[in-house]
Amino acid sequence: LKNEKIEDSYLKIRSKDKRLIANGDLFGGMFSFKSEIGFQKDIENNSFFEGVINIGDIKDVLSIISVHNSKSEDVEGNFFGQVNSKFNIFKLNKMTTNVKIESLRLSKGDVDFSLNKLPSSIVVEKGLIRKWNLSLKGGDNYIRTVGKGDLNKIFKIENFFKLGADWTEILSSDIKMDSGTIEGRYVLFNDGKQIRADLDLKGNDINFNIETIPGNFENLNFIILGENKDFLIQQFYLRYGKGDIKLEGNVKGNLPFPLLDLRYDISNSNVYFLENSNMVFSGKGKIKGQDLPYIIDGDFLVFGGKILDSLSKFEGKESKEAQYSQYLPKFKFKKASNLVDVRANFDIINPLIIKNNFSNLSFDGRILAFGNMNEPLFRGKLNLIPRVSRFIFKGNEFILTDGFVSFNDEFRRKPPELKFTGESVVGE
């Protein structure tokens, strides 16, 4: 962490007389614990867990999420707390637990957070919630958790938060937030009939950019509702490239991969890629799947664009998929070989211009792109727009009067078919 080697972590687990005994020390003493789990149903509180959290610099923990946090001058803080719990794994609703926060300091930018009381604690005795009311507040930002009731009967644990959207910058150095807030409410409760979890998550007027994607994302607003493992994207709207992007649909939190049934709508968005290339388009489609690869399909109208970068720049770029595939279940990923497949129709109704030192070509036509999103296959035809297209050969400029590029073999067994007719006045 912070480019320094910390003490090795260790975890020791052994079994004895129908008990699982474990202890460990993680990340140089930041987290340490000992526990014993009994597997006999009829013995009350035959298991225990004792843990200590001792974080001298909150940036050490954030560096585990992303190494760029180790150099952050925006976040500071420390934390010390303890957890003690006695329980039977077959009767967790009768647990006795004490969570004690002895010290906590947190600041981000010019906002200092403080707990409503120090030391603070959460106390549960044989399932009865005796004490559960913690509130961390800084300016307009807050995190609060409140619990009441009996885990054996009827209980309600409510968690609320409102944070500046800039907290998402801890996830990656590529994310830069300009403004906006994220707020939510998560409730776990038993109404006497069933245990249920509800989620209400909102994003308000978020403006940001991502270093690896040209352009700014503006006015992001979203509402996500959840019930147990089912989530509804009720609203998702943002502006990108002076166009509107909307998303809605359902997500089911299955493991290891969620089930997706989403619909998107893109209107007049000017999308930039690489350094000097862009395309303006509108379209609708779906994102669906219950396993790898997920399928993105859609139909798009292309209102023109320019490809001014060298075509060689489109090759050999490492995808985010390749970076994150190491974290996916190997048996699933090897079977699918990629995360996302695409099937998209592009109807080019205004010229798509490809320009470099040797040519200036304008095309319209229809193209189907499908397969691996990072290396798609193509089928269709690009028609050359005559008299405005030209290229230079051996110092002579040719005005193209006819031509096309036809993708007839989508499996790449044969190269695309090209035909161009042009005229020029060649000097002697």
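A: Let's start with a definition: Ala, Val, Leu, Ile, Met, Phe, Trp, Tyr, Cys and Pro count as nonpolar, Asp, Glu, Lys and Arg as charged, and everything else, Gly included, as polar. Also keep in mind that this is a predicted model.

Q: OK, with those classes, what does the lining of the second largest pocket have?

A: Its lining has 15 nonpolar residues, three polar ones and two charged ones.

Q: How do I picture a pocket like that, and what is the volume of the second largest pocket?

A: The general idea is that rolling a probe the size of a water molecule over the atoms shows where empty space is left. Here, the second largest pocket comes out at about 370 Å³.

Q: Which residues lie nearest its centre?

A: Look for Ile55, Ile58, Phe79, Leu104 and Leu136, out of 20 lining residues. Two or more lining residues come from each of strand 4 (47-55), strand 5 (75-87) and strand 6 (96-108). Strand 6 is the biggest giver, with six residues.

Q: Now helix 1: which of its residues are buried?

A: In general, an α-helix has 3.6 residues a turn, so residues three or four places apart point the same way. In helix 1 (residues 58-65), the buried ones are Ile58, Lys59, Asp60, Leu62 and Ser63. The cover over the buried residues of helix 1 includes strand 4 and strand 5. Ile58 is also one of the residues nearest the centre of the second largest pocket.

Q: How should I read strands, and which way do strand 20 and strand 21 run, parallel or antiparallel?

A: As a rule, in a regular strand the side chains alternate between the two faces of the sheet. Strand 20 (residues 294-307) and strand 21 (residues 340-355) run parallel, joined by 12 bridges. To find your place, take Gly298, whose bridge partner in strand 21 is Ala344.

Q: And how many bridges join strand 21 to strand 22?

A: There are 12 of them, and this pair runs antiparallel, with strand 22 covering residues 359-372. A hairpin of three residues links the two strands, and Lys355 stands opposite Asn360 in strand 22.

Q: What phi does Lys126 have, and what about Asn219?

A: Both are positive without being glycine: Lys126 is at about 50° and Asn219 at about 55°. Lys126 is in the loop between strand 8 and strand 9 (128-131), where it is exposed, with a relative accessible area of 54%. Asn219 is placed in strand 15 (residues 213-227) and is partly exposed at 29%.

Q: Finally, which residues does Asn228 touch, leaving out those up to four places away in sequence?

A: Those are Ile195, Arg196 and Ala197. Asn228 and Ala197 are 31 residues apart along the chain, yet their C-alpha atoms are separated by 4.9 Å. You'll find Asn228 in the loop between strand 15 and strand 16 (230-240), partly exposed at 40% relative accessibility.

Methods. Residues numbered from 1 in each chain as written. Predicted model: local features only at pLDDT ≥ 70, side-chain atom pairs only at ≥ 80, totals over all residues. Heavy atoms only, no water. 1 Å grid on protein atoms, 1.4 Å probe; cavity = no way out; pocket = protein on both sides within 12 Å on 5 of 7 lines; lining within 4 Å. Points joined across faces, edges and corners; volume = space filled by probe spheres on them. Helix = DSSP H or I, 4+ residues; strand = E, 2+ residues; numbered from the N terminus. Pairing = 2+ DSSP bridges. Buried < 20%, exposed > 50% of the residue type's maximum accessible area, 1.4 Å probe, protein only. Contact = heavy atoms within 4.5 Å.
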